[in-house]
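Hi everyone, thanks for having me.

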Amino acid sequence: MANDQVLTADQVIDKTRKYLNEEHVALVKKAYEFAKYAHRDQYRKSGEPYIIHPIQVAGILADLQMDPDTVAAGFLHDVVEDTNVSLQDIEDAFNPEIAMLVDGVTKLGKIKYKSHEEQQAENHRKMFVAMAQDIRVILIKLADRLHNMRTLKHLPAEKQRRISNETLEIFAPLAHRLGISKIKWELEDTALRYLNPQQYYRIVNLMKKKRAEREQYLEDVMKEVQDRLKEVSIKAELSGRPKHIYSIYRKMALQNKQFNEIYDLLAVRIVVSSIKDCYAVLGIIHTCWKPMPGRFKDYIAMPKPNMYQSLHTTVIGPKGDPLEVQIRTFEMHRIAEFGIAAHWAYKEGKAVNESTSFDQKLTWFREILEFQNDIANAEEFMESLKIDLFSDMVFVFTPKGDVIELPSGSVPIDFAYRIHSEIGNKTIGAKVNGKMVTLDYKLKTGDIVEILTSKHSYGPSQDWLKLAQTSQAKNKIRAFFKKQRREENIIKGKELVEKEIRNMEFDVKEILTPENLKKVAEKFNFSNEEDMYAAVGYNGVTALQVANRLTEKWRKKRDQEQSADLTKAISDLKTFPSSKKRESGVRVQGIDNLLIRLSRCCNPIPGDEIVGYITKGRGVSVHRADCTNLDKEEAQPRLIPVEWESSLNDRKEYNVDIEISGFDRSGLLNEVLQAVNETKTNISAVTGKTDRNKMAAINMSISIHNVAHLRKVVDRIKQIPDIYSVRRMMN
């Protein structure tokens with residue numbers, strides 16, 4: 001799964017020949033030919049033919065030895081979204097299963113949303129629901145995201161950060177929960193490179209400095225271990241465990257440690273034939289070197305939820321440095337690398353499901369459907385998912401010894417509702433390790449939890465919603481109140497909706513007609529208006545969401561009236577003097593003689609995409625289209641199209657602030673100043689500072705003519721050794 005190799009279609013098909021029969025290889029080949037024709041006139045941001053992306057996605061799936069339908073869906077995963085091909089066309093040409101997999105990873109492109117965030121949340125929700133029905137959907141999506149991350153350099157910096165952040169929040173944790181470490185580590189390291197390049201390259205530099213010394217040390221250790229194993233006739237494969245930059249970064253950030261304090265920089269992995277040999281090797285390691293207290297973990301006796309199994313121990317090595325050792329069987333190593341994909345692997349055209357408890361290990365996925373039924377808002381759905389599925393986990397025990405997995409920070413209430421709804425509703429107290437605790441006690445891994453219940457309990461308290469951490473517990477508490485306090489919730493919900501309507505400055509009586517209420521209730525999938533009000537009362541849907549739907553027609557009418565006001569405002573603007581128009585280098589399309597000024601918050605320059613905003617009494621203020629100070633939705637009625645006057649762009653100078661980040665060393669600032677002077681650019685101000693990690697930040701104000709001039713300056717600065725990033729600043 002090397003990230004620097006661009007595979008050809010023939011190479012991908014050759015990979016499938018190693019484990020699929022000829023009939024299935026023919027299906028995969030047919031999918032490639034279909035996708036190649038569908039994407040024939042399309043190109044990626046990098047300028048490459050679009051078909052290269054589906055080929056790489058299918059290649060990643062072939063590396064995981066996925067079944068023929070999944071590899072075929074890898075070739076076809078974008079045809080419905082990006083071409084005129086329909087799902088029915090896929091089903092007719094192939095089969096319903098491939099069509100279902102393609103549909104699972106296809107975004108919702110034909111629905112209009114208020115914001116990009118809302119659209120992404122709905123896309124993710126659709127994917128997770130499809131994934132709960134067939135796990136292969138997410139394996140295709142992970143392969144798609146992995147190749148997109150490998151080619152992220154071709155996108156603008158803002159998109160790089162947004163996609164990287166989404167990768168760290170959703171896709172890398174998913175790969176972890178599915179146990180696919182080969183994909184997880186690459187997603188995390190690549191995302192860090194774009195989100196925090198300074199720390200990424202700093203760790204890379206620190207790792208390079210003593211690499212030869214570390215490699216020699218590990219070689220000596222592995223030779224000594226191999227000699228000991230030969231004495232007891234244990235066959236094993238030894239290797240240095242790869243160090244992942246993101247895991248080092250996390251340990252340094254979360255544990256406030258320096259680079260030289262990270263224990264697992266030196267690590268050896270030992271792979272043997274049987275579980276018996278695993279424990280025998282552990283004994284040999286502990287007789288060779290002294291184990292560090294509290295650093296032994298037995299994931300063979302108690303596997304992780306993602307099916308990972310291994311023995312971990314840290315010992316004081318030959319030179320007194322901490323040395324981490326991982327011991328596992330060949331089968332455990334395969335599952336550690338490929339996770340759930342190892343259970344979906346196809347050999348000689350037949351599915352291999354090697355674990356009878358396979359379905360039980362994915363019960364956490366099935367809960368997604370439960371969330372889908374209980375949460376109306378897609379963004380809330382994603383937030384609950386991040387808490388329940390992607391946060392760090394704790395493992396606690398029932399009095400009978402069953403292991404219950406909960407998100408870190410969970411309390412006895414979460415434990416009670418995880419066991420059963422009725423246990424949760426009847427809870428009156430809890431014991432942890434035999435001692436009474438309060439219901440806000442934070443559970444720790446290894447705790448034995450006993451829930452105390454009473455038949456005479458009146459049910460959960462409203463305060464439990466603040467204490468509970470899992471969406472499962474919160475949803476079941478809300479369901480209880482929904483059932484028990486329906487009348488109260490209807491009254492409360494109606495009051496909240498009316499309040500929101502009044503806040504929007506509409507007449508409540510005019511809006512809340514029986515016809516309008518019935519129509520909106522149906523849009524939210526409620527059978528009547530009382531169910532809708534009750535849902536607002538118990539926080540199943542927000543009052544603002546309902547009020548927005550109810551007032552939709554009236555808000556459109558008000559927007560039209562505001563648009564008419566805007567036409568008048570433009571007419572009034574024509575009376576402003578034009579003395580500043582020529583100075584700005586900008587004109588309003590189709591209108592002359594307007595007062596125009598460049599906004600100082602984003603300092604637009606020729607070449608930037610710009611937009612005009614009609615101010616009260618000060619003419620037109622020009623902003624960059626991506627200016628964060630301009631709320632597009634709120635400002636929409638006063639926005640007008642503007643354009644740069646090319647005749648002035650080569651003569652006029654514009655002030656731009658840039659921030660330069662790099663590794664601090666002697667002479668760095670002088671090299672930066674010299675580089676800017678070489679581009680014949682005036683510098684009006686320079687400041688600089690260095691942090692304790694030897695990272696330099698240089699802020700500079702320069703005078704430039706246009707975007708091309710700025711790009712020339714930035715490209716020249718980036719050529720300087722030890723410079724990590726150059727970015728344009730906003731005030």
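Let's start with what pairing means: two strands pair if DSSP finds at least two bridges between them. Strands themselves are DSSP runs (E, at least two residues), helices are runs of H or I with at least four, and both are numbered from the N terminus. Quick caveat: this is a predicted model, where local features need pLDDT of at least 70, side-chain atom pairs count only at pLDDT 80 or more, and totals for chains, interfaces and linings use all residues. Residues are numbered from 1 along each chain as its sequence is written, and side-chain values use heavy atoms, with hydrogens and water left out.

Four strands make an open sheet, in the order β21-β22-β20-β23, and the pairing is antiparallel. At the edges are β21 (682–690) and β23 (723–728), each with a single partner strand, so one side of each has no neighbour in the sheet. On average, neighbouring strands here are turned by 20° against each other, direction ignored. Those angles are between axes, which are lines fitted to C-alpha atoms (for helices over the stretch in contact), and they run from 0 to 180 degrees between N-to-C directions. Strand β20 (residues 654–663) pairs with β23 over five bridges, in the antiparallel sense.

Now, charges. A salt bridge means a side-chain nitrogen of Lys or Arg within 4 Å of a carboxyl oxygen of Asp or Glu. How many are there in the whole structure? The search finds 21. One that I like joins Arg 145 and Glu 166, at 2.5 Å, N to O. Arg 145 is in helix α9 (residues 136–150) and Glu 166 in helix α10 (residues 157–177), so this pair ties together parts 21 residues apart in sequence.

Glu 219 is found in helix α13 (residues 211–231), while Lys 553 has its place in helix α29. That's me done, so over to you!
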